[in-house]
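Open the structure in your viewer and keep the selection panel at hand.

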Amino acid sequence: MTRTFEHIPVLFHEAIDALALRDGNCAVDVTAGGGGHFRALITQVGETGKVLAMDRDLRAHADDAAGGVHKEFSRNTHLVHRPFSQLKQSLSDLGWSGVDGLLCDLGVSSPQLDQDDRGFSFKQDGPLDMRMDQSQERTAYDVLEAASQEEIADIIFKYGDEHRSRRIARAIKSAWPIPDSTLFLADLVRKSSGYHNSRVHPATRTFQALRIAVNEELQELQHLLDALPDVLNPGGRAAIISFHSLEDRMVKRAFNAGARGKNPIWQLQTKKPITPSEQEIYDNPRARSSKLRAITMLSPEGSSTLEESL
Ligand SMILES: C[S@@+](CC[C@H](N)C(=O)[O-])C[C@H]1O[C@@H](n2cnc3c(N)ncnc32)[C@H](O)[C@@H]1O
């Protein structure tokens, strides 16, 4: 098991370009992870700017991850161990009234996926954990234990878009108590789902669904989207990278809603999401499902600094 934080930032140039930060700006990276994007934001805002980074996983706070980037530039950076649903509180603790750029790179980091003891992957054995924040009590095993068969089926259907959710849930509850093992669960799902020639592992959607439930990922995202109008300065930009259709749909809806009507609050920078190039997918297959959407906050008069500067 490797202890070196190796995560290749996804849609790196596209995200940094979308934020168009300038010297002296104030920015936030709400998903600091290995610090790849975080480092770029710090460079963009220059010596007179400042950057807040957040991550709910303490692993991201280590020296070989965003923690090390923070130490290197500590004069104008902050790193907090909080979920991004607490963004407003974090900004107010720092006395910041708003930010000129916000980056959110959803999902899990490569070390979260690759470290077997984190329990995110069905490819290697580990406990059914899946907590991004390991100070949180409820693990994936706890979720499965506490939920009824019907509730498990709903989780797998809703968060995994898994049409065989009922038979998978039935198999889990019939076998309960199951060993606290990712490989055991993956095998149970494989046998009960009846998928034979599928391109992806039959447990892919069930594991995604459990992870979303354990970390309340969609609730977290909704909090962040709701907070955007309050935290972005006029002309400020937000860029969100998502990895599956549930997330992308939420981002798309919220961005479109704010850009419509007589009094839009922001302007869409991306009518269609930006997706990775073939080269990026070849270099980093984990980028393949990523989608980037971005907005620019309008100033009270209704024109963005984007337009003013053109
Ligand atoms: C895809 S990685 C980010 C990688 C990062 N952009 C980089 O360049 O290394 C996602 C990170 O977001 C964190 N995360 C996910 N949901 C979060 C939330 N609701 N609040 C805070 N951090 C979250 C995860 O712990 C993980 O470290």
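Stop 1: Select Cys104. At 0% relative accessibility, Cys104 counts as buried (buried is under 20% relative accessible area, exposed over 50%, partly exposed in between, with a 1.4 Å probe and protein chains only). A word on the source: this is a predicted model, in which local features need pLDDT of at least 70, side-chain atom pairs count only at pLDDT 80 or more, and totals for chains, interfaces and linings use all residues. Residues are numbered from 1 along each chain as its sequence is written, and side-chain values use heavy atoms, with hydrogens and water left out.

**Stop 2: the ligand.** The shell holds 24 residues, each with a heavy atom within 4 Å of the ligand. The closest are His37, Asp55, Phe84, Asp105 and Glu220. By class, the shell divides into eight nonpolar, ten polar and six charged residues. Here Ala, Val, Leu, Ile, Met, Phe, Trp, Tyr, Cys and Pro count as nonpolar, Asp, Glu, Lys and Arg as charged, and the others, Gly among them, as polar.

Next, draw distances from the ligand.
- Asp55: a side-chain N or O atom lies 2.7 Å from a ligand oxygen.
- Arg56: a polar backbone atom lies 3.2 Å from a ligand nitrogen.
- Glu220: a side-chain N or O atom lies 2.8 Å from a ligand nitrogen.

Taken alone, the ligand exposes 600 Å², and the protein buries 98% of that (Shrake-Rupley method, 1.4 Å probe).

**Stop 3: the salt bridges.** The whole structure has 14 salt bridges, each a side-chain nitrogen of Lys or Arg within 4 Å of a carboxyl oxygen of Asp or Glu.

Select Asp64 and Arg59. Their side chains meet in a salt bridge at 2.9 Å, N to O. Asp64 is partly exposed at 31%, whereas Arg59 is buried at 13%.

Move to Asp63 and Lys71. This salt bridge spans 2.7 Å, N to O, and both residues are exposed.

Then pick Arg131 and Asp129. Their closest N and O atoms are 2.8 Å apart. Arg131 is buried at 13% relative accessibility, and Asp129 is buried at 8%.

Finish on Asp187, Arg190 and Lys191, which are linked in a network of salt bridges.

Key:
Polar contact = N/O pair within 3.5 Å; in protein donor to acceptor, adjacent residues only side chain to side chain.
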